[in-house]
Amino acid sequence: MFDNLKIMWHQGKQFIPDVTTAKVPGIFRGRPVISNKNVDETALEEICPTHAISKGPVRIDLGKCTFCGECAIQFPNKIRFTSDYKISSNEREKLIIIEGDENPILVNPDLIRKEIHRLFGGSLKLRQVSAAGDNSCEWELNASNNVQFDVSRFGIDFVASPRHADGIVITGPISENMAEPLERCYHAVPDPKIIILAGTDAISGGIFADSPALDRSFLSKYHIDLYIPGNPVHPLTFINGVLSLLRKI
Amino acid sequence: MNYISIHNNQSIALKDIPEHAYTMFMETNIALMKGNPARHCVNYFGYSAADKIKLICCIADDDLHEIFVSSTVVDKGYQLPSFTAKNHNFEKFEREIHENFGVKYSDHPWLKPMRYAHNRADKNEKIENYPFYQVESEELHEVGVGPIHAGVIEPGHFRFICNGEQIMHLEIQLGYQHRGIEQLFIQKKKLLERTTLAENIAGDTTVGHTTAFVNLWESLCGYTPDRSLQFSRTLALELERMAIHTGDLAAICADIAYQLGNSVYGRLRTPIVNYFQEWGGNRLAKGLIRAGKINYPFSEELATRLNTVLNTYEPDFEEITKKFFKLPSALSRMEKTGVVSYEQIYEIGTVGMAARMNGLCRDIRFSHPHDMYGSSIVHTPIIKHHGDVYSRAQIRREEIRQSMTYARKLITEVPEFKKPENFTLNPGKGMFAISLVEGWRGEICHCAITDQEGDLMVYKVKDPSHHNWMALAQAVRSNEISDFPICNKSFNLSYCGHDL
């Protein structure tokens with residue numbers, strides 16, 4: 001008993017008091033900023049392993065970016081990754097950062113379906129579906145609910161059954177072999193329901209985008225409510241993204 | 001000689017691998033493996049060569065620190081006798097060859113689809129029609145779980161045959177995570193694309209798989225990594241081991257409903273992964289390991305910082321560990337649960353923790369050392385002898401301590417780091433290379449073959465889970481089905497690493 005109390009005491013305060021303003025340690029690669037400097041744009045475009053960079057003007061698509069940072073290493077005057085982890089949006093095109101753009105990425109409140117705030121504002125239960133995910137996003141989604149990030153303080157939880165869920169969170173590029181289970185899981189969730197894509201693999205296929213072993217037809221059939229970039233998504237990116245969708249921040 | 005003997009991370013000309021008729025090839029490899037636990041098959045794979053299939057088999061000898069490589073060429077439609085009928089170590093390898101190339105085996109005891117790969121020979125085989133083992137009985141019942149599981153984890157299907165609460169048999173069906181990685185290695189031509197692929201084979205083993213890739217690539221290109229690169233890889237491997245083992249202990253606590261342990265181990269993982277972020281900008285070390293360079297040089301400041309992280313981690317880790325490993329209610333759930341005997345793991349050919357849990361010494365850091373193992377770090381594998389959940393938890397406890405010691409030792413001598421520069425690495429022509437790395441799960445093996453132009457022609461990845469899933473299936477037999485989660489967590493195997 002005393003041992004247990006001692007252990008608890010020794011942990012100190014682990015939880016992050018405000019997950020919307022917390023600073024990430026070190027050199028986190030979050031929202032990139034592209035300067036107006038002149039560089040060899042073709043060389044820059046060539047570097048990117050997932051064709052996330054395009055030129056004229058230079059743009060980075062965070063839905064394709066694996067955040068490897070190679071472009072910033074090769075062209076430090078042109079590209080800089082900031083530690084801004086709030087990079088989720090409900091508009092796919094808002095994930096594209098254009099030269100000179102230093103504005104934060106936002107969730108557009110006008111495009112959020114009305115029922116989302118009304119029904120899920122107080123409690124949101126999510127069923128996660130790993131569709132050929134590499135277990136890194138899954139890992140970070142689990143971390144979102146550890147004692148530090150503690151996403152359940154906002155009434156946001158992962159549940160075991162799609163029948164108990166208000167929506168699904170998809171990770172991974174969606175393999176052919178997972179296409180049907182994903183579809184069935186989605187249909188098992190009662191209406192109204194939301195779809196969140198977590199991680200670069202889910203949003204664009206990432207490094208696997210041109211693999212013939214994928215079947216991403218699910219994504220063209222249904223409305224995607226939130227895109228959360230990252231490879232993997234940082235727990236703070238996930239939490240802030242979902243909170244914006246629920247209009248809690 | 002019937003085979004060529006090479007070392008870890010050695011490249012040889014493809015034509016130097018002896019090629020024999022299938023019977024001779026089979027007899028050689030079966031004889032090499034017979035009755036010697038120090039020898040195990042690290043890779044056995046095929047590829048299309050003209051209208052035939054070339055098979056390459058790599059047997060590692062842990063005592064001699066060598067790998068014996070031999071090959072054969074077989075016709076597509078022919079029926080062959082299987083290795084598996086004589087040695088079960090080859091079971092998965094032959095299933096893979098059968099699935100990918102349609103090679104028929106006359107006496108393979110378990111010739112079922114392995115992962116329903118996109119490029120499989122028989123497209124009529126569908127993942128929804130997997131032929132599960134069945135028992136006709138009025139007393140027994142089946143329990144199907146998955147592919148989507150109750151937690152935030154990867155997909156796979158588990159089919160239990162139970163007598164009441166007791167598991168008689170478990171069959172694990174995988175393949176849902178198949179993304180065609182080996183094909184993509186060939187399809188993509190740039191080094192960074194391939195490195196990114198390696199990082200995404202299994203996100204929880206980013207350092208392990210990427211190290212295997214870069215070591216292999218550098219070997220193919222005849223590039224010798226300097227001390228700073230070897231230092232980074234070794235340190236990152238040990239930190240990855242620490243982070244995941246800590247998380248696994250949290251997961252084991254969760255499955256026996258020990259909330260305090262779950263919270264404390266769970267939160268102790270954070271400083272280690274955050275340290276990766278401080279070093280390389282990513283909590284899972286994506287972007288850190290690169291062939292021929294490192295974009296995030298290690299520094300004295302990072303060394304000091306790591307020292308602080310470890311010094312803060314250690315007392316809290318030891319405190320909860322002392323409590324957890326003496327708690328009667330925890331011990332009663334772990335001891336004698338999910339036991340796999342020495343005979344079973346030897347027969348299956350498990351690797352890593354799933355071998356060391358019961359007296360089978362398999363640890364690449366010790367047997368086929370790479371990077372700074374064998375020089376700065378002289379590794380002693382941690383071996384347990386009960387093969388139960390408790391043994392697997394104990395291995396994690398002790399390996400965390402060991403990794404901490406290694407990390408501390410490494411940072412006492414931080415080598416000088418160069419600025420990352422760009423240069424082209426060109427692989428040799430008509431080469432074969434093999435790379436073994438001890439990831440936190442166990443032995444990772446990557447093999448590559450280049451063609452006459454020096455282009456990558458074959459890339460073969462083997463995650464330790466390839467061997468170890470069968471050990472989990474054996475572990476749960478005669479256990480209650482309610483103990484399945486803790487057995488599963490105590491192995492913590494990779495779905496994506498298996499499915500590729």
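Author: This is a predicted model, in which local features need pLDDT of at least 70 and side-chain atom pairs count only at pLDDT 80 or more, while totals for chains, interfaces and linings use all residues. Residues are numbered from 1 along each chain as its sequence is written, and chains are lettered from A and ligands numbered from 1 in the order in which they are written.

Reader: Which residues have the most contacts inside the largest nonpolar core?

Author: A nonpolar core is a set of buried Ala, Val, Leu, Ile, Met, Phe, Trp, Tyr and Cys residues joined through C-beta atoms within 7 Å, and a residue is buried if 20 or more other C-beta atoms, placed from the backbone, lie within 10 Å of its own. Here the largest such core has 209 residues, and those with the most contacts inside it are Ile168(A), Ile170(A), Ala198(A), Cys58(B), Leu239(B) and Ala471(B). Helix α6 of chain B, residues 227-255, gives the most to this core, with 14 residues; helices (H or I, at least four residues) and strands (E, at least two) are DSSP runs, numbered from the N terminus.

Reader: Why is β6(A) described as largely enclosed?

Author: Because 6 of its 7 residues are buried, β6(A) is largely enclosed by the rest of the structure.

Reader: Which strands pair with β6(A)?

Author: Two strands pair if DSSP finds at least two bridges between them. β6(A) runs parallel to β7(A), residues 156-158, over 3 bridges, with Leu124(A) opposite Ile156(A). To β8(A), residues 167-171, β6(A) is joined by 5 bridges, also in parallel, and Leu126(A) has Gly167(A) as its bridge partner there.

Definitions and conventions
A residue is buried if 20 or more other C-beta atoms lie within 10 Å of its own, exposed if 12 or fewer, and partly exposed in between; C-beta atoms are placed from the backbone.
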